[in-house]
Amino acid sequence: MYRVLITDNLSPAGLKVLEDNPEIELDIRSGLSPEEVREALKSADGIIIRSATKLTEEVLKDQPRLKAIVRAGVGVDNIDRAAATREGIVVMNTPAGNTTSTAEQTIALMMSLARNIGPAYATMKEGKWERKKLTGTQVAGKTLAIIGLGRIGLSVAQRAQGLEMKVIGYDPFMSAERAAEYGIELYKEVDELVKHCDFLTVHTPLTDETRDLINAERIATMRPGVRIINCARGGIVNEDDLADALESGKVAGAACDVFTQEPPENRRLINAPNMLATPHLGASTDEAQEMVALEAAEIISDFLTKNEIRHAINMIPVSGAEMADLKPHIELGHRLGLFLSQQTKGSLKNVQIQYRGEVAEKQTKLITSSFAAGLLSNAFEADVNIVNATVFAKERGIDISESRSTEAGTLSTLISATVETEDGKCSAAGTIFGQDFLRLTKLDEFYLDAYLDGNLLIYRHNDVPGLIGYIGTVLGNHNVNIAHMALGRLQNQPGGEAIAVLNVDGEVPEAAIAEVSSHKEVSCVKLIKMPPATAPLSWLQ
Ligand SMILES: NC(=O)C1=CN([C@@H]2O[C@H](COP(=O)(O)OP(=O)(O)OC[C@H]3O[C@@H](n4cnc5c(N)ncnc54)[C@H](O)[C@@H]3O)[C@@H](O)[C@H]2O)C=CC1
Ligand SMILES: O=C(O)C(=O)COP(=O)(O)O
């Protein structure tokens, strides 16, 4: 049974999907302190949040059970993404469900600013009738500047065009041709754009580049009487600079749905003249909430029960069907990594992985991550998995590169890995027989056909008669049963160097290893421990 924690208000439609899933148990709590969220997460496989719950590094640290965070909405700035990745937790969101509602909120705020709806209502409540003072401005024929032409920005553009506004925009990731298809005149510089508008709205995420994007310097270059709207994230428009500009009258009106601190304790901006504020209501419609809740519920269920990764922020997305197809390859990658971690000595420098044949057409990045997880799994106390392994490798200066060729060799699929340490190089290659029989097909320069599970006794030897009998007798004397044996000869030639990989049942006593090593034709004896064939990866069930 998977346990899903929900700490923010989620629409009943989404809750029902989860309640109806027999594999999921819900833990719904709200108003938790960060410490309480941390405690509650200890017994959760996944969590669904909106913008109120803050998943900081402290909250996410040491949460071995937690596998996924789903944000029922767009913004993930309340989640420490780097910390989640390090802890091996997948972060996913529901990007499209609240686009229309947030665009409508932006238009509603723009119209309210244009027609002084806020002060008109407030003064009426006070018993006043101030018609002249509250004369507004028409939006038709005016220019709206949109910064950030993503889902919401474009949706605002379409609506504004319906209101007969001219729309200009800035987005470094949008081409002028594509902007033109939406009837938007694209500016190359934000500094130029802000000079040419009557209304300005921001629809970017909050990043290092967008923090304080609208500041005193840029406001100074704007048309007098410009009106500014922020329905994206607090901090994209500098709050103090906006308050100054409202007080001076340079900005005729501003509307914010989002704030650097929510709820805002600093009331200066809220109390500034001609300021309209709403408490982060962009996505708060029945329709948007139902859509994001349903999608969040599906995402967490499909992730936990089918390994599907949808709308991931810190990983490559993969559908359930793709994951089912990838599963044996991910297992093989992991086992090759685990195998090589025990074969090599000295600190790791770099790793090269080569994908050949059918596997080269798949999401090899995930297989590489899985290989890295296997390679590093014995090196860390923390759980190393497909989400965090390459981050750990990078942090340790281990360079992992991959190459692909769809041209098949003798095997239809082949994953080969070479690990270089300060002590030298070691390589191994593997394939999949049938659906999911994993095989080691090459070890250094020796071709063979060995299992990749259980206890493997490996030794190098000279290819002489009688050796197999000797090894069998030694192991037999120590009550060790041989389940499978694979031999590989250098260039497949008799009488030269050879390697043996023996699958043995149970442990091999030190004395047996010493006896095998003592044979004059034998060298490099090693016992490698692999998981049983039937043990799936804990993060891939
Ligand atoms: N008020 C509310 O309740 C809601 C707020 N939001 C917020 O609205 C914002 C936009 O959301 P979506 O349109 O869904 O995201 P999106 O990812 O579709 O669009 C963001 C756009 O910003 C652009 N961008 C990134 N850096 C930029 C920069 N430095 N300058 C100009 N453009 C830049 C990107 O190229 C992209 O086109 C997000 O911050 C999101 O958190 C979203 C939903 C509800
Ligand atoms: O989706 C977003 O980015 C939002 O800002 C909506 O936030 P909410 O889910 O309403 O707390």
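**A central strand and its surroundings**

In this predicted model, the protein is divided into domain 1 (2-96 + 287-306), domain 2 (99-277), domain 3 (319-444) and domain 4 (454-541). The centres of domain 1 and domain 4, taken over C-alpha atoms, are separated by 47 Å.

The strand pairing may be taken up with β13. Strand β13 comprises residues 348-357 and pairs with strand β15, residues 413-421, in the antiparallel sense over 9 bridges. Within this pairing, Gln352 has Thr418 of β15 as its bridge partner. Strand β13 is also joined to strand β14, residues 399-405, by 7 bridges, and these two strands run parallel. Here Arg356 stands opposite Ser405 in β14. In a regular strand, side chains alternate between the two faces of the sheet.

The packing of nonpolar residues comes next. The largest nonpolar core holds 73 residues, of which Ile48, Met92, Ile309, Phe339, Leu340 and Phe371 touch the most other members. Leaving aside neighbours within four places in sequence, Met92 is in contact with Ala68, Ile69, Val70, Arg71, Ile299, Phe303, Ile309, Arg310, His311, Ala312 and Ile313. A second, separate core of 31 residues includes Ala145, Ile236, Leu242 and Leu269. In soluble globular proteins, nonpolar side chains tend to be buried together.

Leu154 lies in helix α7, residues 151-162, and counts as buried because its relative accessibility is 9%, under the 20% limit. Beyond its neighbours within four places in sequence, Leu154 is in contact with Leu149, Met174, Arg178, Tyr182 and Ile184. Leu154 and Phe392 are 238 residues apart in sequence, and their C-alpha atoms are 38 Å apart in space.

Some backbone features remain to be described. Most residues other than glycine have a negative phi, and most peptide bonds are trans. The peptide bond from Glu262 to Pro263, however, is cis, with omega near -10°. Pro263 is placed in the loop between β11 (251-256) and β12 (275-277). His280 has a positive phi, near 50°, and is found in the loop between β12 and α12 (286-306). At 21% relative accessibility, His280 counts as partly exposed. Asp444 also has a positive phi, near 50°; its place is the loop between β17 (437-443) and β18 (446-451). Asp444 counts as buried because its relative accessibility is 17%.

Definitions and conventions: Residues are numbered from 1 along each chain as its sequence is written. Chains are lettered from A and ligands numbered from 1 in the order in which they are written. This is a predicted model: local features need pLDDT of at least 70, side-chain atom pairs count only at pLDDT 80 or more; totals for chains, interfaces and linings use all residues. Side-chain values use heavy atoms; hydrogens and water are left out. Two strands pair if DSSP finds at least two bridges between them. Helices (H or I, at least four residues) and strands (E, at least two) are DSSP runs, numbered from the N terminus. Domain bounds come from an automatic or database domain assignment. A nonpolar core is a set of buried Ala, Val, Leu, Ile, Met, Phe, Trp, Tyr and Cys residues joined through side-chain atoms within 4.5 Å. Buried means under 20% relative accessible area, exposed over 50%, partly exposed in between (1.4 Å probe, protein chains only). Contact means heavy atoms within 4.5 Å.
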